[in-house]
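Here is a friendly walk through one protein model.

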Amino acid sequence: MLKTRITDLFGIEHPVIQGGMQWVGYAELVSAVSNAGALGILTALTQPTPEDLAKEIARTREMTDKPFGVNLTVLPTINPPPYEEYAQAIVGSGVKIVETAGRSPEPFMELFKEYDVKVIHKCTSVRHALKAQSVGVSAITIDGFECAGHPGEDDIPSLVLLPQAAEALDVPVAGCGGFSDAKSMVAALALGGEAIVMGTRFMATKEAGIHQNVKDKMTEADELSTNLMFRTMHNTARVFKNSVSDEVVEIESTGSATFEDVKDLVAGQRGRVVFEEGDLEHGIWSAGISVARVKDVPTCKEMVSRLVSDAEDIIDGRLQSIKA
Ligand SMILES: Cc1cc2nc3c(=O)[nH]c(=O)nc-3n(C[C@H](O)[C@H](O)[C@H](O)COP(=O)(O)O)c2cc1C
């Protein structure tokens, strides 16, 4: 057993969390992760309306009696979703764990506190983590440069960012970005992390509701299989390298590109088609560098059990044997 303040905080068996994933974090995956003793997290905005989110929470409950959470990602968009109503759907459904991301969780903290919701805030810098701690979150996920999705603009990998955050904060910190297996998990624990949060690795599991072509493609990837796009717009996103993300990077390399120039290529609905229909070149889809470490498509139970037992073996075996 690996026990930390985060396993205690969320009442989970293993210090492993599945981060929110747009178009991936549905009830089947989330319940499978939680049933495996880790923490599954639904993605609020994957559901078209707050009412649909309430139904998805109910569906998850039918499949697990273990703790699970909901991710609420607040990003600047032209037509923002009704975030407040999504937050109401979360608390109204009795969910007690929320992963916030995208911006400071401050506007939602009063509501979450009122309903005894524990907030784990995901951010990409120590200064944002300190700010989130000051508004009362229970834990921080610190997202290194390796991660899928939005790594921020500081470009600090987990190897440095995680210990910096763990030393600066009083609340427990989960390492995120680049974690995929027992070796990286033990490293996270050594660096001061009290759990790992994974996205990419959980995509390549049997229960992830995405097309098999995507999962198979992931098992063939290496450490050069991602692209960083939107760098020139200071809104960096790490996505899988394909013809569409290559084209976006190419357009940006002219130095004068605006969002308008790439808008159609990066449309979220096109990425969704990749996941649903398995046409890998149809749009952009998120993946982190840890995709290089994905070699198979196990069930969540197999993956989490292997992760934890191999981590224990590394701690008891290899690390002990090194000690003179
Ligand atoms: C397909 C995909 C979609 C994601 N969507 C979101 C999201 O909507 N909100 C969010 O906070 N993080 C999102 N993430 C990031 C993950 O929650 C997690 O922080 C990240 O994957 C960690 O890095 P890793 O991929 O190296 O494990 C997404 C990741 C992936 C792979």
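Helices α8 and α14 cross in a right-handed way. This is a predicted model, by the way. Helix α8 covers residues 182-190 and helix α14 covers residues 300-322; their axes come within 8 Å and cross at roughly 65 degrees. Who touches whom here? On the α8 side you'll find Ala182, Lys183, Met185 and Val186, and they meet Leu307, Asp310, Ala311, Ile314 and Ile315 in α14. Sort the residues of this contact by class and you get seven nonpolar, no polar and two charged.

Now for another pair, α3 and α4. Helix α3 (residues 50-63) and helix α4 (residues 83-92) have axes that come within 9 Å and cross at roughly 25 degrees. That angle is why α3 counts as roughly parallel to α4. The crossing of α3 past α4 is right-handed. From α3, the residues Pro50, Leu53 and Ala54 take part, and they meet Glu85, Tyr86, Gln88, Ala89 and Gly92 in α4. The α3 and α4 contact splits into five nonpolar residues, two polar and one charged.

Helix α6 spans residues 126-134 and helix α7 spans residues 158-168; the two pack at about 30 degrees, with axes 10 Å apart. So α6 and α7 are roughly parallel to each other. Their crossing is right-handed. Look for Val126, Ala129 and Leu130 in α6, which meet Gln164, Ala165 and Ala168 in α7. The classes in the contact of α6 with α7 are five nonpolar, one polar and no charged residues.

| Helix pair | Angle between axes | Axis distance |
|---|---|---|
| α8 and α14 | roughly 65 degrees | within 8 Å |
| α3 and α4 | roughly 25 degrees | within 9 Å |
| α6 and α7 | about 30 degrees | 10 Å |

Why quote those two values? Two packed helices are described by the angle between their axes and by the distance between the axes.

The chain is divided into domain 1, residues 5-209, and domain 2, residues 226-286. Taken over C-alpha atoms, the centres of domain 1 and domain 2 are 24 Å apart. Nine residues of domain 1 and seven residues of domain 2 make up the contact. On the side of domain 1 that touches domain 2, the residues are five nonpolar, three polar and one charged.

Finally, the ligand. How many residues surround the ligand? The count is 29, and the closest are Gly19, Ala101, Gly199, Thr200 and Gly288. Three elements each supply at least two residues of this shell: β3 (68-73), β8 (196-198) and α9 (200-203). Which element gives the largest share of the shell? That would be α9, with three residues. As for classes, the shell around the ligand holds 11 nonpolar, 14 polar and four charged residues.

Terms used. Residues are numbered from 1 along each chain as its sequence is written. This is a predicted model: local features need pLDDT of at least 70, side-chain atom pairs count only at pLDDT 80 or more; totals for chains, interfaces and linings use all residues. A residue is near a molecule or strand if its C-beta atom, placed from the backbone, lies within 6 Å of it. Helices (H or I, at least four residues) and strands (E, at least two) are DSSP runs, numbered from the N terminus. Ala, Val, Leu, Ile, Met, Phe, Trp, Tyr, Cys and Pro count as nonpolar, Asp, Glu, Lys and Arg as charged, and the others, Gly among them, as polar. Axes are lines fitted to C-alpha atoms, for helices over the stretch in contact, and angles run from 0 to 180 degrees between N-to-C directions. Angles under 35 degrees count as roughly parallel, over 145 as roughly antiparallel, 65 to 115 as roughly perpendicular and the rest as oblique. A crossing is left-handed if the near helix is turned anticlockwise from the far one by less than a right angle, and right-handed if clockwise. Two residues are in contact if their C-beta atoms, placed from the backbone, lie within 7 Å. Domain bounds come from an automatic or database domain assignment.
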